Amino acid sequence: MAKILVVEDNATVRSLAVALLQQAGHTCATAEDGREALERVVEADVPYDLILSDADMPHCSGPELLDALLRRERGPVRFLLMSGTYQEDEIDLAPAQPEDRVAFIPKPFRGAELCATIERMLEGSTLQSDCA
């Protein structure tokens with residue numbers, strides 16, 4: 001079970017992602033944009049195991065959020081960027097370091113696809129998922 005921050009400005013997509021992740025056994029917190037997500041990260045007593053973020057949001061985009069997180073010194077980042085607007089090759093994920101786990105998933109996605117991607121990103125940790 002992982003502690004996941006879901007960052008999505010669309011309330012419906014945010015709720016669906018949280019429902020899928022909770023059904024898989026994960027604990028979720030939410031943020032409506034990158035600014036709020038940064039506040040949640042700073043305020044967290046225990047770091048998030050993974051951040052699932054939309055790419056295109058007001059105030060602070062997903063790539064801008066990733067960049068801000070990579071500049072923080074809280075250890076490796078697991079960051080899953082999702083987008084229905086952009087393709088993976090249109091987004092620069094280059095600042096990530098080898099110890100970071102950064103991935104992209106296009107929207108719309110199926111629940112099983114989201115769970116499988118998160119499972120791969122959590123490999124090597126002691127965290128598990130009940131994704132089927």
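Which residues of helix α3 (residues 62–71) are buried? I started my notes there and found Gly62, Leu65, Leu66, Ala68 and Leu69. For me, buried means under 20% relative accessible area, exposed means over 50%, and partly exposed is in between (1.4 Å probe, protein chains only). Helices (H or I, at least four residues) and strands (E, at least two) are DSSP runs, numbered from the N terminus.

**Ground rules.** I am working from a predicted model, where local features need pLDDT of at least 70 and side-chain atom pairs count only at pLDDT 80 or more, while totals for chains, interfaces and linings use all residues. Residues are numbered from 1 along each chain as its sequence is written, and side-chain values use heavy atoms, with hydrogens and water left out.

**Back to α3.** I checked the buried residues of α3, and down the helix axis they fall within an arc of 165°, so they line one face. The arc is taken from the directions from the helix axis to the C-beta atoms. The cover over these residues includes β1, α2, β3, β4 and β5.

**The sheet.** I looked up the strand order and got β2-β1-β3-β4-β5, 5 strands in an open sheet with parallel pairing. Strands β2 (27–31) and β5 (101–106) are at the edges with a single partner strand each, so one side of each has no neighbour in the sheet. From one strand to the next, the twist averages 20°. Two strands pair if DSSP finds at least two bridges between them. I then picked out strand β1 (residues 3–7), which pairs with β3 in the parallel sense over 4 bridges. Val6 has Leu52 in β3 as its bridge partner.

**Ser53.** Is this residue, Ser53, buried or exposed? I get a relative accessible area of 0%, so Ser53 is buried. Ser53 belongs to strand β3 (residues 50–54). I skipped its neighbours within four places in sequence and listed the contacts (heavy atoms within 4.5 Å): Val7, Gly62, Leu65, Phe79, Leu80, Leu81 and Met82.

**Helices α1 and α2.** I noted that helix α1 (residues 11–23) lies across β1, β2 and β3, at about 165° to β2. Helix α2 (residues 34–43) also lies across β1, β2 and β3, and runs at about 160° to β1. Axes here are lines fitted to C-alpha atoms, for helices over the stretch in contact, and angles run from 0 to 180 degrees between N-to-C directions.

**Helix α4.** I checked the length of α4 (residues 111–122): its 12 residues should span 16 Å at 1.5 Å a residue, and the end C-alpha atoms are 16 Å apart, which agrees. The expected span is 1.5 Å times one less than the number of residues. Its buried residues are Leu114, Cys115, Thr117, Ile118, Met121 and Leu122. They cover an arc of only 165° around the axis, which puts them on the same side of α4. They pack against β1, α1, β3, β4 (78–83) and β5.

**Cysteines.** I searched the whole structure for disulfides (cysteine sulfur atoms within 2.5 Å) and got 0. Cys28 counts as buried at 19% relative accessibility, and Cys60 counts as buried at 9%.

I found a cis peptide bond between Lys107 and Pro108, with omega about 0°. Pro108 is in the loop between β5 and α4. His59 has phi near 75°, a positive value in a residue other than glycine. I place His59 in the loop between β3 and α3, and at 53% relative accessibility it counts as exposed.
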